[in-house]
Amino acid sequence: MTAIDLGLPGVRLPGPGGQALVPAADTPLSPKDFRSGQEVRWCPGCGDYAVLAAVQGFLPRLGVRQENTVFVSGIGCSSRFPYYMNTYGMHSIHGRAPAIATGLAVTRPELSVWVVTGDGDALSIGGNHLIHTLRRNVNLTILLFNNRIYGLTKGQYSPTSETGKVTKSTPVGSVDTPFNPVSLALGAEATFVARVLDSDRAGLTEVLAAAAEHRGTALVEIYQNCPIFNDGAFDVLRRPDERERRLIRIRHEEPIRFGVNGEFGVVRDGRGRLTTARVSDVGEQALVVHDATEEDPSYAFALSRLSSQDLRLCVTGVFRSVSRPAYDDQVRAQTERAKAMTPADLQSLLTGKDTWTVTG
């Protein structure tokens with residue numbers, strides 16, 4: 001299935017001629033129904049391939065037709081994503097994908113709206129758009145591909161690159177303090193925040209399912225490998241001899257344990273802060289039981305701070321999933337109330353209390 005050219009930059013429709021060529025309404029969808037047929041042009045070994053396959057494999061489970069699904073991206077390697085999806089899509093402006101997706105979510109409530117962005121696109125030029133989308137709780141799902149580098153522009157340091165990172169734009173090492181995207185999202189009081197590895201197909205699919213079911217903004221940070229400009233950035237989390245003692249996988253209502261034999265766990269210290277300890281030293285009863293539905297974001301934020309930039313420890317899974325009115329739902333409700341106003345009520349609203357009449 002090929003895309004048509006509307007003469008508008010980055011805008012595509014599914015199917016030749018623009019018609020939505022999809023199976024009959026009662027025909028189950030399959031992963032191939034979400035493949036556009038476009039040649040996938042990422043570098044060999046790029047982690048984006050794994051994410052694309054996971055998303056295409058997962059979407060049929062939602063039961064949402066292609067014509068009711070839309071992917072909006074900004075600028076960067078990850079932002080080619082809409083071309084490879086047999087859905088509606090827009091390759092938009094650098095950093096502004098959340099703003100464009102907000103307009104879609106508000107005006108088209110029947111759509112499943114997804115944003116695909118990278119660490120540079122989302123956290124540098126798009127930083128304000130991202131935090132305000134999270135704050136507003138717009139009903140969309142954001143996939144933030146984090147490879148800790150600018151790949152499309154050939155290897156400059158990004159907002160998530162580690163301090164001391166030598167790149168083309170920092171030849172003697174970066175002096176910046178990097179963002180922890182999960183901490184940033186939780187600081188903006190996002191209602192759904194998760195992290196997963198590109199190579200963890202089962203974990204990625206599980207998190208995507210939870211994110212898609214969430215009403216409001218869901219942010220999923222995906223550690224993704226750039227084989228050309230930052231190869232092996234997350235290899236230590238993939239090696240069998242290292243991953244179990246570094247990865248802290250969290251699941252709602254389960255004690256937080258990790259290690260080859262689950263010998264370590266997350267506990268609270270004497271000041272109430274989250275830290276790690278040997279289970280044999282503190283006892284099973286001391287382990288923190290993960291609660292993703294905790295209303296106060298400080299718990300999830302504290303959990304996010306266990307992750308270190310050097311990947312000595314890395315927390316993955318759903319950090320927070322709470323319910324709060326969605327921005328777009330509230331805007332539509334407000335619009336309906338305005339439509340129901342009488343002309344006199346509407347004029348009173350427009351005039352307000354701060355108007356005056358100028359006479360001759």
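A disulfide is a pair of cysteine sulfur atoms within 2.5 Å. With that in mind, let's walk through this structure, a predicted model in which local features need pLDDT of at least 70, side-chain atom pairs count only at pLDDT 80 or more, and totals for chains, interfaces and linings use all residues. Residues are numbered from 1 along each chain as its sequence is written, and side-chain values use heavy atoms, leaving out hydrogens and water.

Let's begin with the cysteines. The structure holds 0 disulfides. For Cys314, the closest cysteine sulfur belongs to Cys226, and at 18 Å it is too far for a bond. Cys314 counts as buried because its relative accessibility is 0%; buried means under 20% relative accessible area, exposed over 50%, and partly exposed in between, with a 1.4 Å probe and protein chains only. Cys77 also has its closest cysteine sulfur in Cys226, here 6.4 Å away and too far for a bond. Cys77 is partly exposed, as its relative accessible area is 26%.

Cys77 leads us to Leu152, which is in contact (heavy atoms within 4.5 Å) with Ile75, Gly76 and Cys77, once neighbours within four places in sequence are set aside. Leu152 and Gly76 are 76 residues apart along the chain, yet their C-alpha atoms are separated by 5.4 Å. You will find Leu152 in the loop between strand 6 (141–146) and helix 5 (181–187); helices (H or I, at least four residues) and strands (E, at least two) are DSSP runs, numbered from the N terminus. With 43% relative accessibility, Leu152 is partly exposed.

Finally, look at Ser79, in the loop between strand 3 (69–73) and strand 4 (88–91). Ser79 is buried, at 0% relative accessibility. Not counting residues up to four places away in sequence, Ser79 touches Ser73, Gly74, His91, Val116 and Asp121.
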